[in-house]
Amino acid sequence: MDTYIFGTVDYTVFLGVTILSIAIGLYFGWIKKTKKEVEPSPTATDTREISMPNFGSKKMNEYLMGSGNLKVFPVAMSLIASFISGVAILGTPSEIYYYGTQYSLIVVAIVIQGLAVSYIYLPVFSALQVRSSYEYLGMRFHPLIRNIVSIMFVIEVLLYTPFVVFVPALALNQASGLNIHMIEILIIVVCVIYTLLGGLKAVVHTDIWQVAIMFASVVVVAILATCYIPDVDDFFEGLQAGGRLIFGNISPSPYVRNTVWSVVIGGAFYWTSLTAVHQTMVHRYMSLPNLQMARTSIAYFVLGSVIFYSVLSFLGLLIFNMYKDCDPLSAGQIMNKDQLVPLFVVQSVGHIYGIPGLFIAGIFGAGLSSLSVFLNSTSLVILQDIVRGCFKMQPGETASAIIVKATILIMGLLVFGAVLLLEKVSGILSICMSLVAIATSSTFGIFTLGVLVPWANTVGTAVGGIAGFLLTGWITFGSQIAAASGQLNHHRLPVSLASCPGNVTAPENVWVDEEQLFPLFRLSFQWINPIGALTVVVVGSLVSLVTNPTDIKSLDSDLISPVIHRFLPKECFKHGNAEENSVQDIPLLIEKKD
């Protein structure tokens, strides 16, 4: 790294991508919108105005939801941008390098969550035509549940977004030597500008460009690094000798970091909790005109994510091939394992003009897209769930615009303040998943209880949610404290220092007896989310049964997943069927009948 200079071509590529991101966001969110306002289409406008949820005015509908008339492909790309952050780009190859390819089975979990979202959760949101996913909780249970969960979402965003900014800043700092705080300011300012001015359309259409750069940067680096492999047979023999080719670890132990069961089951729970009920994803589903288009966008999203994670996993193998005889972390070339990927890019293809700049632009774009998604969705939650739902206020167009845009500005400042608190953090992938799992697992359990358990009531939901939150928090913080105090082994696969230049001594590994530690603190981080979600569902179901369970006949069928409708007669519910039509389509159907 000391001998590499982030050159003029790299800066040109990087700045070009950044400027183009702002330009695209402003064009689709501001300039193109202005042109449409000059020459409106009366028919299209009237139809959409009837079917769209009302945020106080047509302008706010456009700003927050894109008037519910976005296209499938842009939304699918935005879903990918929400799902794959810089954390994944840096964390996944590092996970493969240190723990083997078992984690690559996450692609199976991605497919499972796509099916679960499309046929269990999405039909409910589509039938009810919610603007915020948390509106459902107010309809299904008590408004207090909605208020608590929406506030939890805001807290979760504040916990996670600093990592979204820190990761690309870390990568650019590693490659260019630029001041990391200046990079963080640039990411936040650029993101706030086009999110503030353009709204959802700006975010979604900018995501297309950023996903393209993310994908191109990873694929180009992987292809070029593959071309430098002299012998493919030696490549796979080295992986086998290093113990990195692991696909069939079916150990039943929940203490093993990555097994078939923990990756597929734990990963499916985790990703479903993010994609099924998380506002950042539901926001985009509901910006499409109907249920079928939303399902199509999810199909594209699943396909793109599977390809992306497959390439990232292969990149991890390429990194091991390069450093199999001299581990950079043990040799002191990097401070933590999340700097491994930028180091590899610089040392393997850094001599090719523009390639480091392209890769850093990809990570930078991932940070921009993830942050813009969080800012946009959080502003909607603040307006719809906090201001209107919790405080029962009904602001007009001007007041709503001030609230939404002030939220974006304040969130930008809070994120920068939180990033300044981050210092040296090792293992970004597992730490982020553990922190977010505390909130997402409980939230996911509450929604699952609502859509799949007809007799669930408010008391049971509250008790189950609290139980799940406390249990995951106890496990998460207990394991983090145990790891920090040296009571847990890192379980990394063996690395070598045989070919390191100079006199490099391997750090001493002190093996501790984990049997003395409380069992729950030794669990693989993959199991935290399933434990939390299932705790909410089981406890909530049992408590509901003994505390005046909900009468199914008083329950609107649209509040329950179509999966449950298959087991209960339609006459058991009040009316309707959640999968028959999106509410957004109903005005169109009435119009056709007339």
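**The whole chain**

Start with everything selected: among contacts with a separation of 6 or more, 83% are between residues 24 or more positions apart, a contact being heavy atoms within 4.5 Å. This is a predicted model, where local features need pLDDT of at least 70, side-chain atom pairs count only at pLDDT 80 or more, and totals for chains, interfaces and linings use all residues. Residues are numbered from 1 along each chain as its sequence is written, and side-chain values use heavy atoms, with hydrogens and water left out.

Switch to cartoon and you'll see 22 helices and zero strands; these are DSSP runs (helices H or I, at least four residues; strands E, at least two), numbered from the N terminus. Of the 594 residues, 59% count as buried (under 20% relative accessible area; exposed is over 50%, partly exposed in between; 1.4 Å probe, protein chains only).

**Colour by confidence**

Now colour by pLDDT, the predictor's confidence in each residue, from 0 to 100. The chain averages 83, and 87% of the residues score at least 70. Select residues 37-53: pLDDT stays under 50 there, and the model has 21 contacts beyond four places in sequence for them. Residues 577-594 are also below 50, with 43 contacts beyond near neighbours in sequence.

**Aromatic pairs**

Next, show the aromatic side chains. How many aromatic pairs does a search of the whole structure find? It turns up 18, counting rings of Phe, Tyr and Trp (its six-membered ring) with centres within 6.5 Å; planes under 30 degrees apart are stacked, over 60 edge-to-face, and the rest tilted.

Pick tyrosine 121 and phenylalanine 444: their ring centres are 5.7 Å apart and the planes sit at 45°, so this pair is tilted. It links distant parts of the chain, with tyrosine 121 in helix H6 (residues 106-128) and phenylalanine 444 in helix H18 (residues 428-452), 323 residues apart. Tyrosine 121 has 4% relative accessibility, so it counts as buried; phenylalanine 444, at 6%, is buried too.

Then jump to tyrosine 270 and tryptophan 271, an edge-to-face pair at 4.7 Å centre to centre and 75° between the planes. Both tyrosine 270 and tryptophan 271 are buried.

For a group, select Phe125, Tyr134, Tyr136, Phe153 and Phe447, which form one aromatic cluster.

**Charges over rings**

Last stop: arginine 257 lies over the face of tyrosine 99, 4.0 Å from the ring centre (NZ of Lys or CZ of Arg within 6 Å of the ring centre and within 35 degrees of the ring normal). Arginine 244 lies over the face of tyrosine 97, at 5.9 Å from the ring centre.
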